[in-house]
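Me: I would like to go through the labels given to this model and see what each one rests on. Please set the values against the cut-offs.

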Amino acid sequence: MKLSVWTYEGPPHVGAMRVATGMTGLHFVLHAPQGDTYADLLFTMIERRDHRPPVTYTTFQARDLGSDTANLFRTACLDAVERFDPQAIIVGSSCTAELIQDDPGGMSETMGLAIPAIPLELPSYQRKENFGADETFLQIVRALAEPMERSEAISCNILGPTALGFRHRDDVAEITGLLREMGIAVNVAAPMGSSPADIRRLGAAHFNVLLYPETAESAARWCEKTLGQPYTKPIPIGAGATRDFIGEVQALAGTDAAPDATRLRQPWWAASVDSTYLTGKRVFLFGDATHVKAAARVARDEMGFEVVGLGCYNREFARDIRALGKEFGLTPLISDDYLEVETAIAEAAPEMILGTQMERHIGKRLGIPCAVISAPVHVQDFPARYSPQMGFEGANVLFDTWVHPLVMGLEEHLLAMFREDFEFNDAAGPSHHGGHSPRPQDEAPAVEAAAEEGSMPSEAAPTGGEVIWLDDAERELRKIPFFVRGKARRNTEAFAASRGIGRISIDTLYEAKAHYAR
């Protein structure tokens, strides 16, 4: 564990909260100090949920550490069962409470509760949020699910969606619709949308559909071994992967029925005339492993992009991403340090980033467009509209989402190209306000005035070693396309520094260009 301004994943108990919050009839009793109640905001503020998570905190304080904190847990547990009347509870510790070793799981077993109390062992200082969600769901399934007679009609379970997941709500709706068109009923979708009673009847399904390996692969493997239920391997993100998914479902269900694909517009739109400028665009991918693997295939095979960098933050899937990197001829970045990710993106100098909320901020700082493809995400990525990532409609959404930053970037480049035009130059007022009243001109930089008076040699480096861009060089730099402008600036400054040039002119800019073109 380390202190960081930003983090891709929270501690494991946040993953457990994602599972509990997505379910009904389940309550989470969390042994935690007052400060750990911040996690409620993740769901009510970011995900816009209209109710707080089903979590009871013991909220012990510093003065309680010298007394019986274990009794605080017992009281909180009994009060939660009496107040909320859940079908089952899960119990565990936050990263802070783990240090005092009160053993909530052991205590819950001695309370004689009339409902199942499922203990969680979540190593807060070795693992993180996705592991916490995966392990929590596994323990719930192990405690409640059991073999039973299969349903008369072919049915399946959908495994993996949780609260706070990236577009999980809409993905489940899209995949449920695809399966329905194939004549396959959904027995249970879990954990999100299910109850402990639903978990007990997981065994009635003929097979499982695994949508999010990060949060449900362990449970899918357990069901395969214990309940005799195979599970799907392709993740239906993108047109090609969706077709692979349909093929595997047909094989598992013993049917040749297929869903209606007429609403899939992404392949034609990606190949249409007004989209050809997308071909060859250089993109950098980063996020959770599942979405990065899917996005890499869509980017290369369906959109015609060139993948120049990729990586993931969840080390449990490092082997998969390294294999993917080998396929693309790249060395993948496996890191949960956003500063390392920013450095890798800056060095790759892509034309677009496909990443998380973190990469969106990185893109803003580097001046590179970004589309979000993976959690962690912020409030704008929980839209009110229907916006899946999976299935045929998900492929359409991907096209729109990825093209939009590039289209806006193209507009920016065109504006830069015509910056000296009478209508678009910096001195012109906004055209939509009527008239074009000129803006007041900025005063010349003091350093240029000093140079004109002869008090500073034209190429001398200012004190402190900083590099000064002259106005004519800045204007020329703006003519370079936005997606390589940052690299051009860095190369020119490095060239100038290596030659002791402190004031960059147009001549310096073109000398640097010639130098790096050799």
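This is a predicted model: local features need pLDDT of at least 70, side-chain atom pairs count only at pLDDT 80 or more; totals for chains, interfaces and linings use all residues.

Me: Where is Ser 93 found, and which residues is Ser 93 in contact with, leaving aside its neighbours within four places in sequence?

Reply: Ser 93 belongs to strand S3, which covers residues 88–93. With those sequence neighbours left out, its contacts are His 13, Leu 30, His 31, Glu 98, Pro 104 and Ser 124. To count as a contact, heavy atoms have to lie within 4.5 Å.

Me: What about the chain as a whole: how many residues are there, and what percentage count as buried?

Reply: The chain has 518 residues, and 54% of them count as buried. Its secondary structure comprises 19 helices and 14 strands. Among contacts with a separation of 6 or more, 72% join residues 24 or more positions apart. The exposed surface comes to about 23900 Å², with carbon and sulfur atoms supplying 53% of it.

Me: Why is Pro 369 counted as buried?

Reply: The relative accessibility of Pro 369 is 13%. The limit for buried is under 20%, so Pro 369 falls in that class. Pro 369 sits in the loop between helix H14 (357–366) and strand S12 (370–372). Pro 369 and Glu 359 are separated by 10 residues in sequence and by 9.7 Å from C-alpha to C-alpha.

Me: How many disulfides does the count give?

Reply: The count is zero.

Me: What makes Cys 223 and Cys 370 buried?

Reply: Cys 223 has a relative accessible area of 1%, and Cys 370 has 16%. Both values are under 20%, so both residues are buried.

Me: How many cavities of 30 Å³ or more does the structure hold, and what is the volume of the largest cavity?

Reply: There is one cavity of 30 Å³ or more. The largest cavity has a volume of about 50 Å³. What makes such a space a cavity is that a 1.4 Å probe fits but cannot get out.

Me: Which residues line the largest cavity?

Reply: Its lining consists of Ile 237, His 291, Ala 294, Ala 295, Ile 373, Gln 389, Leu 398 and Trp 402. Helix H11 (289–302) and helix H15 (391–417) are the elements that give two or more residues. H11 gives the most, with three residues. By class, six lining residues are nonpolar, two are polar and none is charged.

Me: What is the volume of the second largest pocket, and which of its lining residues are the closest to its centre?

Reply: The second largest pocket has a volume of about 700 Å³. Of its 32 lining residues, Pro 213, Thr 290, Lys 293, Phe 317 and Asp 320 are the closest to the centre.

Me: Which elements supply at least two residues of the lining of the second largest pocket, and how do the residues divide by class?

Reply: The elements are helix H5 (129–144), helix H8 (213–226), helix H9 (239–253), H11 and helix H12 (318–328). H11 gives the most to this lining, with six residues. The lining of the second largest pocket has 13 nonpolar, five polar and 14 charged residues.

Methods
Residues are numbered from 1 along each chain as its sequence is written. Side-chain values use heavy atoms; hydrogens and water are left out. Helices (H or I, at least four residues) and strands (E, at least two) are DSSP runs, numbered from the N terminus. Buried means under 20% relative accessible area, exposed over 50%, partly exposed in between (1.4 Å probe, protein chains only). Accessible areas come from the Shrake-Rupley method with a 1.4 Å probe; for residues, only the protein chains shown count as cover. A disulfide is a pair of cysteine sulfur atoms within 2.5 Å. On a 1 Å grid over the protein atoms alone, a cavity is a set of points where a 1.4 Å probe fits but cannot get out, and a pocket is an open set with protein on both sides within 12 Å along at least five of seven lines; lining residues have an atom within 4 Å of a point. Grid points are joined across faces, edges and corners, and a volume is the space filled by probe spheres set on the points. Ala, Val, Leu, Ile, Met, Phe, Trp, Tyr, Cys and Pro count as nonpolar, Asp, Glu, Lys and Arg as charged, and the others, Gly among them, as polar.
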